[in-house]
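Subject: Structure handover and notes

Dear colleague,

I am passing on the structure below, together with notes on what turned up when I went through it. Please read them with the model open beside you.

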Amino acid sequence: MNIVACVKRVPVTEAQPKIAADGKSVDATGFEYMLSFYDDLAVEEAIRAKEKLGGEVTVLTLGASEASKELRDALAKGADKATVLKDPNWAARDARSTAKVLAKKLQELGAEVVFMGRVATDRDNAAVGPYVATVLGWACVTDVVKLELAAGKGKAWRETEDGVETIEFALPAVITCDKGLNEPRYSGLKGIMAAKKKPIDEVAFDDVANQQSVAKLEFPPRRKDGRIVGQGAAGVPALIDALRNEAKVL
Amino acid sequence: MTTIVVFVEHSKGQARRASLEALGAAKAAGARVVAAVEGSDAQAVASTLGRFGAERVAVFAGDGRVSADRSARDLAALVREEGATACFAAATSSGKSLMPRIAATLDSTLHSDCTGLDLTGGAPKVVRPWLAGKLIATLESSAPVLCATLRPNTFAVQEGSGSAEIVAKPSSSDLKALLVSIEAKTGGKLDVKEAPIVVSGGRGMKAPEHFALIEELAAAFGNAAVGASRAVVDAGWRPHAEQVGQTGKTVSPQLYIAVGISGAIQHLAGMRTAKTIVAINKDADAPIFKVADYGLVGDAFEIVPALTAAVKAIRAQR
């Protein structure tokens, strides 16, 4: 099976952004990056699909060349090859433009099943998976916590507010991976050595214009200073009083 | 006057509150509001939506089959038919699954998890958290249709005395994915994302069985959901569905009570927009106290049962 995992390199959780002088872009000086949390699950699920059904795993990213570090790790875990769609403007790219660029590449690659993270933890759009599938006319199941794949079809379980849904779908399909789907493996020394010989292509692409632009960035309003209302169970009446009479939430 | 199509979710004959908030946001923007509801049981819900701002309700009764790709196609067709310039859904599992597909069908980008809207003139603008809520972005859209999901518990429900025209719509066929079953949550528990009150527990609860204390406090409020920190979800004490934080759910309840949670950046990303935050922790230096409005320092095993009893007493008086 022709399997693709789409991944994104994002600032680490602890990154403290500064607003650049223009008031609408992020000063990323000193940022460290990592593979988006859920994309790790996508890579793992892609490798598991290959182990079960045979075939080849391509890891695809739209981003800076520096993302080859994260791609190399995916290759060490068992993916076969990787492609970077080199994008100096990745940080400004909107959901539609990202999805259309990826969709075109996925078609060229002949993908049959595509794994993505449920959401990228920098932009929190959760849009690109279902957007890509719709552009390509494919099936898509989002927030998947359990998956069974077979030739030409699959069954996925997704978590919602009301419970767990079971969905049957035809391939080709895009699956977005949620926590619980798998436990990502670590890359071993053998894999790391093997990954050095695996190809990472850096390619250009035909740009798709953004429909979204940042007009302004601000820091969230500072919460008003809180206070310690008491110690131990003896403080409960003071807390109740504050919740009823100040915050008026009780 | 512009038209906005709003996708309204419902269960057990009731519209989801987050969907009513989306209707309210569309109404507040001064638009003509067209609601869309799906399902063979949608008629009863449809008749209530006029009160919440809808002027017209499109009912897709369907054929009993549920498929996100079909819903998206039907909704996008409705947007075109109504000449709508915007389409909203709540940022719930369904809304987040559906709206990118509607946007793709309309060749428009998607603005996810919006907390503000400005459609008063010029290019439409949306406000939303950026980089896990560390920043707030105002975004300008040049999309043909402004497609947006709206964060629950953020926009006001606009209840009035209006009534809506109800129109039946045919559903399309050709389904690429099909819902075959739903395993409903036990006991009709509230979802952490939508509940007006969230009581979350962390590693300070010491063992999974002690979450009974958290559940009892949530039950005492009557309208609270149980949440959890990443540490206790990773340890297998609680299901991922309850996790609040950057790799879990983002919540904006009226009241958020963090018990035995230190307040790591990853957790703050998921709850810092709560209206009122209470922290209960034995470590007076825990970072959670920096974002909390009210803090209680001490042993959760003493404080939580006392708080549960106090909340019960208040509720019993009503």
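B:Asp293 touches A:Arg223, A:Lys224, A:Gly226 and A:Arg227 of chain A, as well as B:Lys275, B:Thr276 and B:Ile277 of its own chain, when residues up to four places away in sequence are not counted and contact is taken as heavy atoms within 4.5 Å. B:Asp293 sits in the loop between helix H8 (288-291) and strand S18 (294-297) of chain B, where helices (H or I, at least four residues) and strands (E, at least two) are DSSP runs numbered from the N terminus. With a relative accessible area of 6%, B:Asp293 is buried; buried here means under 20% relative accessible area, exposed over 50%, and partly exposed in between, with a 1.4 Å probe and protein chains only.

Before going on, please keep in mind that this is a predicted model, in which local features need pLDDT of at least 70 and side-chain atom pairs count only at pLDDT 80 or more, while totals for chains, interfaces and linings use all residues. Residues are numbered from 1 along each chain as its sequence is written, chains are lettered from A and ligands numbered from 1 in the order in which they are written, and side-chain values use heavy atoms, with hydrogens and water left out.

From B:Asp293 to B:Arg101 there are 192 residues in sequence and 40 Å in space, C-alpha to C-alpha. B:Arg101 is one of the buried residues of helix H4 of chain B, among them also B:Ser93, B:Gly95, B:Leu98 and B:Ile102. This helix, residues 93-105, has 13 residues and reaches 19 Å from its first C-alpha to its last, close to the 18 Å expected at 1.5 Å a residue, the expected span being 1.5 Å times one less than the number of residues. Because 10 of its 13 residues are buried, H4 of chain B is largely enclosed by the rest of the structure. Just after this helix, B:Asp107 takes a positive phi of about 50°.

As for the chains as a whole, chain A has six helices and 15 strands, and its C-alpha trace spans about 65 × 45 × 40 Å along its principal axes. Of its 250 residues, 53% count as buried. The domain assignment, whose bounds come from an automatic or database source, gives chain A domain 1 (2-203) and domain 2 (226-250), with 45 Å between their centres, taken over C-alpha atoms. For chain B the assignment gives domain 1 (3-169) and domain 2 (186-317), and 30 Å separate the two centres, again over C-alpha atoms. The contact between these two domains of chain B takes 12 residues from domain 1 and 12 residues from domain 2.

Finally, the cavities. On a 1 Å grid over the protein atoms alone, a cavity is a set of points where a 1.4 Å probe fits but cannot get out, and lining residues have an atom within 4 Å of a point; grid points are joined across faces, edges and corners, and a volume is the space filled by probe spheres set on the points. There are three cavities of 30 Å³ or more, and about 410 Å³ of space lies in the largest cavity. Of the 29 residues that line the largest cavity, the closest to its centre are A:Lys8, A:Thr98, A:Leu102, A:Ala120 and A:Val128. The second largest cavity has a volume of about 70 Å³, and its lining includes A:Pro11, A:Phe31 and A:Asp122 along with B:Leu131, B:Lys134 and B:Gln246.

With best wishes

Note on methods:
1 Å grid on protein atoms, 1.4 Å probe; cavity = no way out; pocket = protein on both sides within 12 Å on 5 of 7 lines; lining within 4 Å.
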